[in-house]
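Please look over the sequence and the model shown here.

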Amino acid sequence: MDKFYKLVEQIIPVWALIFLGSILVGAIYSAQLLGFGFLNETLLNPQTTRSLHITLMLYGPIMLALSLLPFALFAKDKLDLGVAVEPLKNYFLLWHLFLFMAVVSISLGVQRGLPFYDFAYELNFILAASGIFYIVAIFKTIKQYEVTPLWVKVSKALLFVAPLALLVLMNPTYGQVEKTLIGPHGDNTLGMSFTIIPLFYLMIKLHAKENFEAKWDLFWIIPLAGYVLSVATRIFRGELSYTEEWVYQWLTFAYAPLLIKWCRDANITLKSTPYLVISIWAFLFVMIQGNILFIPEIRWPFHRNDLIVAHAHVAIGLGIFFMSLSILKYFYPLPKKFISFWIAVIAIIFVSLSLAGFTEAGFATIDVTSMWWLRLFGGIVAVGGLIFYIVKNIRKTKLSLLELYHLDGFLSDGLGALILFLSAPLLFEFLGFAFAPHYYLVFGFMGFVGILHFIGITKEPHAMAYLTSLARLITGTIFLSLFYLGTIDALGLLVGFYDISYALIYLIFKSRL
């Protein structure tokens, strides 16, 4: 068990930085909509920042934290989670590799022009491969059950179907993703909503103080039957009429009494499990709002305007995010004030975009630009709050001088490489240097050194410091030589001097660190 908790503790800083990156690019996109075009000529153009924001939110730490749900239930059943640590490390490794490749490829312009899932289809194979290690981790753990619970038996079947379903549904030729460009699809909403219900069931089961048995099964069986019928109709007859889609959309209303009943039977309250209850409230709110928006006279004026964006922020930024936090809290202590802080952030964004949406639909006369400024303010507050949380936790750990050395190296090289990779042409022009595409190789090396420093904070600090020092001495010497040969400009001199100086800091003072 201790090994599992340690794994979660080690992975949280990585997730915090990824989540910060997703919020940051979202804030940049908000600024670009207001006319701040200082990054438009770099890799961070508006289309790219939007794509990065959505991809990192949908596939970043929120989804990874949700994948810890079965292990929280295993922990509640007193199973040893240590056997799952090694395969989970590989699972996280491949998922993080997917995120890295998605960010790089999207930044370089490899985009599908979709509202969601805007990365290259082939990257889904990495996610499918990560699922293999996830299955191994699950099976190693459930061997400890003398009598396998029903939810585990059902989950075993879904685990094997999920990787294949991912590759099929995401396929650009015969999958469902390309259909997000057109709409409405009330049956798709019904199907997506249904996937949330088993998760809520398991989370209610997790947080219930006593043995919980789900009742009122008819309220999920009817929507499921409706979704199966809608899929069969599309396959064998063709497209659905608007009225048919409307019927399937409104079947989601059945989830409201079901979730309320489950929460009451499990004695789940806002005081006992705030993250879970707020997540359920957000889900029900979005579900009800979505059904109202499906009324034709209401839907078409609001279709694809800012009200829909506000709707998405509540669904993902509050509903799914708090769902993941209700699981993460089982393994990792979360700040007590984070709930209030994040609700305030989402409220600012939701209210501002909703009012803008009503104006765009012709139902109000509020200045849309002012609302966009308010949305940007919410994004800035979110970025500032997350940075404060990260810095505060760094201070709590009481880092040694050697760990501070690694932290400084990570910030200068790791984050510096990311900034240069995304906005180098603009920065080079501002500093008076000539930019050439081959500098991206340099930025890649900087990022690699930054990653070594990040590893050095928690694993073998002296070994990593020695490796980074050797790398800096070699590259610094090459940069100085190229400068004296006249191959590169003064920037090479600065890079070489910096790398050699930074390496000497460790090599000279390592006995004191």
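Where is N267 found? N267 is found in the loop between α11 and α12 (274–293). Helices here are DSSP runs of H or I with at least four residues, strands are runs of E with at least two, and both are numbered from the N terminus. This is a predicted model, in which local features need pLDDT of at least 70 and side-chain atom pairs count only at pLDDT 80 or more, while totals for chains, interfaces and linings use all residues. Residues are numbered from 1 along each chain as its sequence is written, and side-chain values use heavy atoms, with hydrogens and water left out.

Phi of N267 is near 60°, a positive value in a residue other than glycine. N267 counts as exposed, at 57% relative accessibility. The term exposed stands for over 50% relative accessible area, buried for under 20%, and partly exposed for what lies in between, with a 1.4 Å probe and protein chains only. K78 also has a positive phi in a residue other than glycine, near 65°. K78 sits in the loop between α4 (69–76) and α5, and its relative accessible area of 73% makes K78 exposed.

Now to the chain as a whole. Its secondary structure comes to 20 helices and zero strands. The C-alpha atoms fill a box of roughly 75 × 60 × 45 Å, taken along the principal axes. A compact globule with 513 residues would have a radius of gyration near 24 Å, and the 25 Å of this chain agrees with that. That radius is taken over C-alpha atoms, and the globule rule is 2.2 Å times the number of residues to the power 0.38. Of the 513 residues, 48% count as buried. Among contacts with a separation of 6 or more, 78% come from residues 24 or more positions apart; a contact means heavy atoms within 4.5 Å. The accessible surface comes to about 25,500 Å², and 71% of this surface belongs to carbon and sulfur atoms. Such areas come from the Shrake-Rupley method with a 1.4 Å probe, and for residues only the protein chains shown count as cover.

What lies inside? In soluble globular proteins, nonpolar side chains tend to be buried together. A nonpolar core is a set of buried Ala, Val, Leu, Ile, Met, Phe, Trp, Tyr and Cys residues joined through side-chain atoms within 4.5 Å. The largest such core has 124 residues, of which F71, F74, L88, F98 and W342 touch the most other members. Helix α1 (residues 2–33) gives the most to this core, namely 14 residues. A second, separate core of nine residues includes A417, F428, Y439 and M446. Leaving aside neighbours within four places in sequence, F74 is in contact with residues including L79, L81, I138 and W151.

S324 belongs to helix α14 (residues 306–328) and is buried, with a relative accessible area of 2%. Apart from neighbours within four places in sequence, S324 is in contact with I62, A65 and L66. F350 lies in helix α15 (residues 338–360) and is buried, with a relative accessible area of 17%. With the neighbours within four places set aside, F350 is in contact with F285, Q289, A310, H311 and V314.

On the surface, W216, L218, F219, I221 and I222 form a nonpolar patch with about 470 Å² of accessible area together. Patches are made of residues with over 30% relative accessible area and no salt bridge, where like charges are joined within 9 Å and nonpolar side chains (Val, Leu, Ile, Met, Phe, Trp, Tyr) within 5 Å. L218 is in helix α9 (residues 218–236) and is exposed, with a relative accessible area of 54%.

How many salt bridges does the structure hold? The structure holds two salt bridges, each being a side-chain nitrogen of Lys or Arg within 4 Å of a carboxyl oxygen of Asp or Glu. In one, the side chains of E86 and K89 meet (3.5 Å, N to O). Both residues lie in helix α5 (residues 85–107), three residues apart, about one turn of the helix. E86 is partly exposed at 46% relative accessibility, and K89 is partly exposed with 35%. A salt bridge also joins the side chains of D265 and K261 (3.4 Å, N to O). D265 and K261 are separated by about one helical turn because they are four residues apart in helix α11 (residues 255–265).
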